Amino acid sequence: QVQLVESGGGVVQAGGSLRLSCTASGRPSSSYAMGWFRQAPGKEREFVGAISWNGGRTYFPDSVKGRFTISRDNAKSTVYLQMNYLKPEDTAVYYCARSRNVWDPNYSTRDYAEGSEYEYWGQGTQVTVSS
């Protein structure tokens, strides 16, 4: 049993920044990759990024690469998503998730972009970017 809670969402002007946090409780999750996804009204769920168990590798789609970063503090059971140079199209509900299996060093960005790789999901936090 794992519970994930996101926080840090809000309203920001285009070009601004926000940092989202995801805190895990229950069974330890430090050996697992953690991912971030987002979903806007009327659109499909979209992969935002992921991070390996020790933070040594990160994975991003082209849509956010160079603008977003991910970090984690296993001692605090927390993963962070730092979002910079935000655009109106970044507006969405953002979700964190824990992978179904322990981190696999052979996995690629494509592998971690699949929602089926994740077993536990948070309830989401709203991010709104105004123009």
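Q: What makes S4 and strand S5 (residues 46–51) a pair?
A: Five bridges join S4 to S5, and two strands pair if DSSP finds at least two bridges between them. They run antiparallel, and within S5 the bridge partner of Trp36 is Gly49. "Strand" here is a DSSP run of E with at least two residues, while a helix is a run of H or I with at least four, both numbered from the N terminus.

Q: What kind of model are these values computed from, and which pLDDT do local features need?
A: It's a predicted model: local features need pLDDT of at least 70, side-chain atom pairs count only at pLDDT 80 or more, and totals for chains, interfaces and linings use all residues. Residues are numbered from 1 along each chain as its sequence is written, and side-chain values use heavy atoms, with hydrogens and water left out.

Q: What is the phi of Gly42, and where does Gly42 lie?
A: Gly42 takes a positive phi near 75 degrees, in the hairpin of S4 and S5, which has six residues between the strands.

Q: What makes the phi of Ser77 worth a remark?
A: Ser77 isn't a glycine, yet its phi is positive, near 55 degrees. Most residues other than glycine have a negative phi. Ser77 lies in the loop between strand S7 (68–73) and strand S8 (78–83).

Q: Why does Ser77 count as partly exposed, and why does Tyr85 count as exposed?
A: Ser77 has 35% relative accessibility, so it counts as partly exposed. Tyr85 has 58%, so it counts as exposed.

Q: How do you know which strands are the edges of the open sheet of four strands?
A: The order is S1-S3-S8-S7, with antiparallel pairing. Strand S1 (2–7) and S7 each pair on one side only, and that makes them the edge strands. From one strand to the next, the twist averages 15 degrees (the axes are lines fitted to C-alpha atoms, for helices over the stretch in contact, and angles run from 0 to 180 degrees between N-to-C directions). Six bridges join S1 to strand S3 (residues 18–26), and Glu6 has Cys22 as its bridge partner in S3.

Q: Why is the aromatic pair of Phe37 and Phe47 called edge-to-face?
A: The structure holds six aromatic pairs. For Phe37 and Phe47 the numbers are 5.5 Å centre to centre and 65 degrees between the planes. Rings of Phe, Tyr and Trp (its six-membered ring) pair if their centres lie within 6.5 Å; planes under 30 degrees apart count as stacked, over 60 as edge-to-face and the rest as tilted. So this pair passes the distance test and lands in the edge-to-face class. Phe37 sits in strand S4 and Phe47 in strand S5, 10 residues apart. Both are buried.

Q: What makes the pair of Tyr59 and Tyr112 tilted?
A: Their ring centres are 5.0 Å apart and their planes are at 45 degrees, so the pair is tilted. Tyr59 in strand S6 (residues 58–59) and Tyr112 in helix H1 are 53 residues apart. Tyr59 and Tyr112 are both buried.

Q: How do you know that Glu117 has no salt bridge?
A: A salt bridge is a side-chain nitrogen of Lys or Arg within 4 Å of a carboxyl oxygen of Asp or Glu. For buried Glu117, the nearest side chain of opposite charge, Arg100, is 7.0 Å away (Lys and Arg count as positive, Asp and Glu as negative; His and the chain ends are not counted). Glu117 still touches Arg100, as well as Ser99, Tyr107 and Asp111, not counting residues up to four places away in sequence. Contact means heavy atoms within 4.5 Å.

Key. Buried means under 20% relative accessible area, exposed over 50%, partly exposed in between (1.4 Å probe, protein chains only).
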